[in-house]
Amino acid sequence: MNSIQISLIFILATIPLQMNAQEDIIYNEAKVPEYKLPDPLVMQNGNQVEHVEDWINLRRPEILKLFQQEIYGQVPTPLLMTDFKILERSDIALEQKAIRKQVKLTLELQGKTLDIHILIYLPKDIENPHIFLGYNFYGNQTIIDDQAILITDAWVKDSEAIGTSNNQASEDSRGKRHHRWPVESIIDNGFGLATIYYGDIDPDKNDFSDGAHALLYQSGQTKPASHEWGAISAWAWGLSRAMDYLQVDAEHTESKVIVMGHSRLGKTSLWAGALDERFDLVISNNSGSGGAALFRRTYGETAEVLNTNFPHWFCDNFKAYSNNENSLPIDQHMLIALIAPRPVYIASAQEDRWADPKGEYLSGYHAGPVYQLFGKDVLSNPNPPPANAPRHTSIGYHIRDGGHDVKDYDWQQFIKFAKKHLE
Ligand code: GCU
């Protein structure tokens, strides 16, 4: 055998190893291992949290720090939004029903800049409407076919279905994701919508040379330190910069803001809601592993699969928990608990087994004791509801029929839940 043949055999032998993680996926409830969740109300020193003050002053900061150090990574330097520019505005958008604004936030540090483009629709004649704030996957122009929307010039993933190629968006992508963004019905219900292309903050690839990371590097730094921010933390940080803006523009200084995200961006909305208490309500749709689902169940996507397929999403310290979930000092019910006492909504889909719908429910269920400390009503049933039978306690949950997506049904529930808890 020559050396080329030997290396070929070696390469072929390693392929199944990489795919192994995918093949061993648990989709059978009977195979979910026994596990014991860390108690959100027991301090690391063993003391019991008995009062809201203990939670706020002692236990919450402890848990927040663990999520920063072990899972998502910490933002290295505080940097707030200081400058914004209204790029475009119309008072006759959506057939005269709405105000449309396109705003550019510029973040600057030591000569480096980052631009974040927010597309906003506001219902007319409602002062300070509640606003849904959420990232989109392919550019603001995809959420509705509105010719005035500026097409992103940031790096985008190629997708034939969306109409992006050579990592650029074009006219072809206009309105291609409208089914996920029922803008008209959001406005008709009296809510505003603010959306941002997530790649403005950090392009979703395993490359730390661009986006928000590069903006905040110390001189000579080329990648985040092992406890510093991965992409999800960067995206969460971007949502807070959008919040900086929403709070200073007179049109919505008093608006309540609902942070909402789907899938990887649902992981992001939960983390943003945990970090930034200015978000009044938090929604995750099909957020799965690294979002609402409990890591310890290892049903569907696991820590190892995340670390293998998306090594840039979490901080480097998180790699130590691949196939080692039980040694995590936290689990995702504690991420939900960090949002307390603010209302939080977890949405699952029946066919989205990859995201472990039951694990998504259980994190809401096990966050209950913290919400109860604040006197809030919680999910009291340890079993998830059947499809299309939402529960709207302070911790809201539904599982709908169908697969991994954002559907009108999901939005109907988000709107109903927001009306119930914010008004
Ligand atoms: C993949 C990934 C999930 C993620 C999803 C998405 O399926 O494994 O963790 O939520 O992409 O963001 O669409």
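Y371 is placed in helix α11; helices here are DSSP runs of H or I with at least four residues, strands are E runs of at least two, and both are numbered from the N terminus. The model is predicted, so local features need pLDDT of at least 70 and side-chain atom pairs count only at pLDDT 80 or more, while totals for chains, interfaces and linings use all residues. Residues are numbered from 1 along each chain as its sequence is written, and side-chain values use heavy atoms, with hydrogens and water left out.

Y371 counts as buried because its relative accessibility is 0%. Buried means under 20% relative accessible area, exposed means over 50%, and partly exposed lies in between (1.4 Å probe, protein chains only). Neighbours within four places in sequence aside, Y371 is in contact with I336, A337, I339, A340, P341, R342, V344, K376, V378, S394 and I395. Contact means heavy atoms within 4.5 Å. N383 stands 12 residues from Y371 along the chain, and the two C-alpha atoms are separated by 18 Å.

Helix α10 spans residues 357-366 and is mostly covered, with 7 of its 10 residues buried. These are P357, G359, E360, Y361, L362, S363 and G364. The cover over the buried residues of α10 includes helices α9 (332-337) and α11 (368-373). Strands β10 (344-349), β11 (391-392) and β12 (395-400) are also among the covering elements.

The protein chain is divided into domain 1 (1-72 + 256-423) and domain 2 (76-129 + 138-240). These bounds come from an automatic or database domain assignment. The C-alpha centres of the two domains lie 24 Å apart. Domain 1 gives 33 residues to the contact and domain 2 gives 28. Together they bury about 2,600 Å², 59% of it on carbon and sulfur atoms. Buried area is the accessible area (1.4 Å probe) that two parts lose on being put together, summed over both.

Between domain 1 and domain 2 the count is 3 salt bridges. A salt bridge is a side-chain nitrogen of Lys or Arg within 4 Å of a carboxyl oxygen of Asp or Glu. R180 forms a salt bridge with D405, and their closest N and O atoms are 2.8 Å apart.

F84 lies in strand β1 (residues 83-92). F84 is partly exposed, because its relative accessible area is 30%. With I86 and V248, F84 forms a nonpolar surface patch of about 230 Å² accessible area together. Accessible areas come from the Shrake-Rupley method with a 1.4 Å probe; for residues, only the protein chains shown count as cover. Patches take residues with over 30% relative accessible area and no salt bridge, joining like charges within 9 Å and nonpolar side chains (Val, Leu, Ile, Met, Phe, Trp, Tyr) within 5 Å.
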